[in-house]
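This report describes the contact between two chains and then one residue of interest. Please examine the sequence and the structure shown here.

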Amino acid sequence: MSDLLGTALILLGLPFFIASTVGLLRFPDVYARLHALTKADNVGLGLICLGLAVQADSLAVGLKIVLIWGLILLASSTGATLISTSALRHGHPPQQRNDVDKHAGH
Amino acid sequence: MHLNTQRWRGLWARWQLPAWRVVLFRTFLYSGLWWVLTEGAGSVWLGVLLALAIALFAPLNNAPWSTHLRWWKLPTFIGFMAKRSVSGAIDVAKLALSRHCDLNTHTRTYYFRLLTCPSQQLLMANLVNLTPGTLTLCMRDNTLHIHILNHPEIAAQLRELESRIAELYGWNHGY
């Protein structure tokens, strides 16, 4: 039962990783790309970690995997702000786009 | 060498014994971490001794998890953030995989209303990155400069997040 649940969680996490990578390639600037990395990647990783934790041999190993996810979440979120602050300082202003309204009514 | 000795003396002079409840809580928390990191196979006494030493000497007074934090409200808050985080991930994933990838991006400045302590503001700056459509660009002078992706109205969302963090520290304000 735990193997099945673990596999289901891992399979659920994979599309988020794929979407995040596609976002990294398709989004136009560093700021939009960071949205993909901080949100989709973290949820994907979280689901995979939960899937592995469910299948772990002991409670301590399961908690260690969840702890690793928590630390990566913290590092990723802090890193995103540090990267965007650095990008701003180095003269890369965020693009102001409104593609959604441009296509509205067509 | 002389400078190092002076530095240690300065640190020792500033050291104060934390309240016994704080020491007890931190020792318990760090012992738990030791148990998790060693996967339950490490020496218990060594773990407790290390935990006690860190609890007594680590300068954690400026950390956002101060003594004011209402620990019993954490599960509700984690549930709230998990829901927001999944919602944000689904939004970004849909956008990345959509055929046209139509982006609506702009920036906005958010002024803190309730959080005045820098460590709590830093906590909010980090959590903004996990909520749908928002990314903290920088934090200065009681404001957050935020990049917004496909979310025209985020003011209410940010106010709610700030109120939830304020509640964690015991301030009850509606949102």
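Where is the place of Trp171(B)? Trp171(B) is in the segment after helix H6 (155–168) of chain B; helices (H or I, at least four residues) and strands (E, at least two) are DSSP runs, numbered from the N terminus.

The model is predicted: local features need pLDDT of at least 70, side-chain atom pairs count only at pLDDT 80 or more, and totals for chains, interfaces and linings use all residues. Residues are numbered from 1 along each chain as its sequence is written, while chains are lettered from A and ligands numbered from 1 in the order in which they are written.

Trp171(B) counts as partly exposed because it has 13 C-beta neighbours inside 10 Å (buried is 20 or more other C-beta atoms within 10 Å, exposed 12 or fewer, partly exposed in between; C-beta atoms are placed from the backbone). Beyond its neighbours within four places in sequence, Trp171(B) is in contact with Leu114(B) and Ala166(B), contact being C-beta atoms, placed from the backbone, within 7 Å. A distance of 25 Å separates the C-alpha atoms of Trp171(B) and Pro132(B).

The contact between the chains draws on both of them, as tabulated.

| Chain | Residues in the contact |
|---|---|
| Chain A | 38 residues |
| Chain B | 31 residues |

On the side of chain B that touches chain A, H4(B) gives the largest share, eight residues. Strand E1 (residues 97–98) of chain A pairs with E1(B) in the antiparallel sense over two bridges; pairing requires at least two DSSP bridges between the strands. Asn104(B) is the bridge partner of Asn98(A).

The predictor gives the complex an ipTM of 0.86 and a pTM of 0.81.

Terms used:
Contact = placed C-beta atoms within 7 Å.
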